[in-house]
Each structure stands twice: as structure tokens, then as C-alpha cells.
Amino acid sequence: MMCLMLAGCVSAAFGDEGGWKQLFDGKDLNGWKHVGPGADSVVDGLIKTGGGMGLLYWTGGKIGNCQLRIVYKMRDFNDNSGVFVRIPLEPREEWMPVHYGYEVQIDNHPETSKEDEYHITGTLYSLTKPLAKPGKPGPEWNTMIITLDGPHTIVTVNGVKVTDYKEGDPVPERKFPFEPQHGPRPLQGWFGLQNHSDNDIVFFKEVAIRPLPKGGAGSK
């Protein structure tokens, strides 16, 4: 079940269509907090990343056994961001989430920064090989759904499965010092949105959450 903090905050609103509860109201960043360089702002009803590398995290508590739906677009043909999940402690700076949570990557062309397909949109950054590459370039909208089902993490992008990972599955060796440390992640954790740099602008239109549908992992 989701942690008590989350359940107490949003259970009353899970009757929305599809059971989704919006965590961003399109007006302000109440319920969110930023750590690290850069900042996020609300522009024309969208969360806009700026500067970085920092993290805008949801302050409602740890989540688990649920799904997140993230609707986003890149400003340019390609920009860099990510959605962090399974962060063990409430973030106080930007690097602890990198090394001890998972970053679900947003970057359709990692080769431009001399990285490989383990760093492409929808993967657990540097840890999983993509099952598909369905990310759309800017300024097209993308829908990412992250399923947290116990030790199972599934990511779909635009309805196509990209990641299907269970704790303990083999992962490649670290190639760069900025890649995450290896090791297990918690079943419940904090989550947030990355702002990567001045040159990487990503807009988030929707951040929503719901309990796992009947059938668990893999359900739409």
C-alpha cells in the first residue's frame, strides 16, 4: 500500500477519471520544494525547468505501489531532464537522489553527450537498456507512466514499454562518476522532477498519481 502520508493527503481525490490525482494545479508550486542549483517556475500553466542541476520534489511524502503519469515536452528538438523515484530520504541537495534513487531519464539523444542507449528517455538512467525508443522530440507532448509495484519498476512512454526492471536484475558497470551508485532502492520513496541546465528546458503539464490498478504491474 502507499505510505500513510500519501494516503492521508490524496485519498479523497482518487475518484477522478481513471483514479488519477493531480499533484500540480497549473497555478503554482504549492506542495513542491526545490533543492540544488537552478529553479523551476510556472509559465502559462506549465512547470518550466531552468538552470541546474537541481530537483523539484513533491513534499507530500514517500510513495510506493502506485503509478505516476507525467506529461511533458521539450522546448527544443532535444532537451535533458528526468523523473526521480525511490529516493530514500527527503532531498536536501541534488546528488543524494542521483546516487540512491532512480532517475527515469528524459533525453532522446544521449549520444550528443557521448552517452549510450542506457541513458535514453524512459530508462533508469545508466542501469537499464531500453526495450523501445518512443520519445517524441520537442515541442511534441509525451506521456510517461511510471509503475512502482513493490520491487518492480515499469516505465512506458507514449504507451510503449521502455523499462521493466526488478530489484536485483543485472546492470552494467558504471562508466562515469556522475552515474548512480549501484544497490537496492526502497519500496517507498520520495520523487521529483529534474532541472538539468540552462540549455535544457522541459515543460511539465501534468504530474498525477494513482494507486496500482487491479492486476498490478503492467496494467494501463
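**Figure 1. A polar contact joins the side chains of Tyr102 and Glu167 at 2.7 Å.** A polar contact is a pair of N or O atoms within 3.5 Å; within protein, one must be able to donate a hydrogen and the other to accept it, and residues adjacent in sequence count only if both atoms are side-chain atoms. This is a predicted model: local features need pLDDT of at least 70, side-chain atom pairs count only at pLDDT 80 or more, and totals for chains, interfaces and linings use all residues. Residues are numbered from 1 along each chain as its sequence is written, and side-chain values use heavy atoms, with hydrogens and water left out. Tyr102 lies in strand 8, residues 102–106 (strands, E, at least two residues, and helices, H or I, at least four, are DSSP runs numbered from the N terminus). Tyr102 is buried, because its relative accessibility is 1% (buried means under 20% relative accessible area, exposed over 50%, partly exposed in between, with a 1.4 Å probe and protein chains only). Beyond four places in sequence, Tyr102 touches residues including Phe84, Pro97, Tyr165 and Arg185 (contact means heavy atoms within 4.5 Å).

**Figure 2. Gly138 sits in the loop between strand 8 and strand 9 (141–149).** Gly138 is buried, at 14% relative accessible area. Leaving aside neighbours within four places in sequence, Gly138 contacts Met74, Asp76 and Phe77.

**Figure 3. Arg75 and Asp76 meet in a salt bridge, 3.1 Å from N to O.** A salt bridge is a side-chain nitrogen of Lys or Arg within 4 Å of a carboxyl oxygen of Asp or Glu. Arg75 is partly exposed at 42% relative accessibility. Asp76 is partly exposed too, at 30%. The structure holds seven salt bridges.

**Figure 4. Salt bridges with shared partners join Glu117, Lys129 and Lys133 into one network.** Glu117 pairs with Lys133 at 3.1 Å, N to O. These two residues are 16 apart, both in the loop between strand 8 and strand 9. Lys133 is exposed, at 55% relative accessibility. Glu117 also forms a salt bridge with Lys129, with the closest N and O atoms 3.8 Å apart. Twelve residues separate Glu117 and Lys129. Glu117 is partly exposed, at 26%.

**Figure 5. Met53, Gly54, Leu55, Phe84, Glu94, Pro97, Val98 and Gln194 line the largest cavity.** Strand 5 (54–58) and helix 2 (95–100) each supply at least two residues of this lining.

Key
On a 1 Å grid over the protein atoms alone, a cavity is a set of points where a 1.4 Å probe fits but cannot get out, and a pocket is an open set with protein on both sides within 12 Å along at least five of seven lines; lining residues have an atom within 4 Å of a point.
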